[in-house]
Amino acid sequence: MTKTFRHGATGALLDVYEGAIRDLQQTISDISDAELIIIVDSQTTDDSCKSIQTILSHVVCSAYAYGIYIRQFKGETIDFQNEIFHTSIQDYNNHLDDSFIFMIDSFKDIKDNQLEESDNNKKLTTSWGQVYDIEQIVEHAIVHVLRHRRQIEKYKIIVRQ
């Protein structure tokens, strides 16, 4: 199978982000519906990290949020979404696919020279107070998926003991 690469720096970011999502989908492909909902960490104060289900709901919601930040930065009026809790991996896979398409659409009309911005007054600010240019928010999105994929890998071991 031949790999197709998107064009330029924007294409590279999208390719790497897509790869992170596909790797996550591969990681979760063998999780049963029963394993999905098992509470793995009942001691955590982070409700997004109690089970594989809560992690995936958080990852999907965040994936949309990164696209929404970009759209708001470009001037679009769009609200953030609430987390949705699915009971099957297939539903999460579909939602991850949809969130990636949303990110691709969020990049509509963004040129490579618009990715980096050194002036903090011309960057977007997240709900947690971090200031990013477009490249940095997508890099954060990529690492976010990777970190939670690793967490799910660890949770899979625990639920199968």
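**Rings, core and overall form**

Mentor: Arg71 lies over the face of Phe102, 3.8 Å from the ring centre; a charge sits over a ring if NZ of Lys or CZ of Arg is within 6 Å of the ring centre and within 35 degrees of the ring normal. This is a predicted model, in which local features need pLDDT of at least 70, side-chain atom pairs count only at pLDDT 80 or more, and totals for chains, interfaces and linings use all residues. Residues are numbered from 1 along each chain as its sequence is written, and side-chain values use heavy atoms, with hydrogens and water left out.

Trainee: How many aromatic pairs does a search of the whole structure find?

Mentor: The search finds five. Rings of Phe, Tyr and Trp (its six-membered ring) pair if their centres lie within 6.5 Å; planes under 30 degrees apart count as stacked, over 60 as edge-to-face and the rest as tilted. One of the five is formed by Tyr64 and Phe102. Their ring centres are 5.2 Å apart and their planes stand at 55°, so this pair is tilted.

Trainee: Which helices hold Tyr64 and Phe102?

Mentor: Tyr64 is in helix α3 and Phe102 in helix α4 (residues 89-106), so the pair links distant parts of the chain, 38 residues apart. Helices (H or I, at least four residues) and strands (E, at least two) are DSSP runs, numbered from the N terminus.

Trainee: Is Tyr64 buried or exposed?

Mentor: Tyr64 is buried, because its relative accessibility is 8%. Phe102, at 14%, also counts as buried. Buried means under 20% relative accessible area, exposed over 50%, and partly exposed in between (1.4 Å probe, protein chains only).

Trainee: And what about Trp128 and Tyr132?

Mentor: Their ring centres are 6.3 Å apart with planes at 65°, so that pair is edge-to-face. Trp128 is partly exposed at 44% relative accessibility, whereas Tyr132 is buried at 11%.

Trainee: Which residues have the most contacts inside the largest nonpolar core?

Mentor: They are Tyr17, Leu56 and Phe107, in a core of 44 residues. Such a core is a set of buried Ala, Val, Leu, Ile, Met, Phe, Trp, Tyr and Cys residues joined through side-chain atoms within 4.5 Å. Helices α1 (8-28), α3, α4 and α5 (134-159) each supply at least two of its residues, and α3 gives the most, with twelve.

Trainee: What does Phe107 touch?

Mentor: Leaving aside neighbours within four places in sequence, Phe107 is in contact (heavy atoms within 4.5 Å) with residues including Leu14, Ile70 and Val138.

Trainee: And the overall layout?

Mentor: The protein chain has five helices and two strands, in the order α-α-α-α-β-β-α. Its C-alpha trace spans about 50 × 40 × 25 Å along the principal axes. Buried residues make up 48% of the 161 residues.
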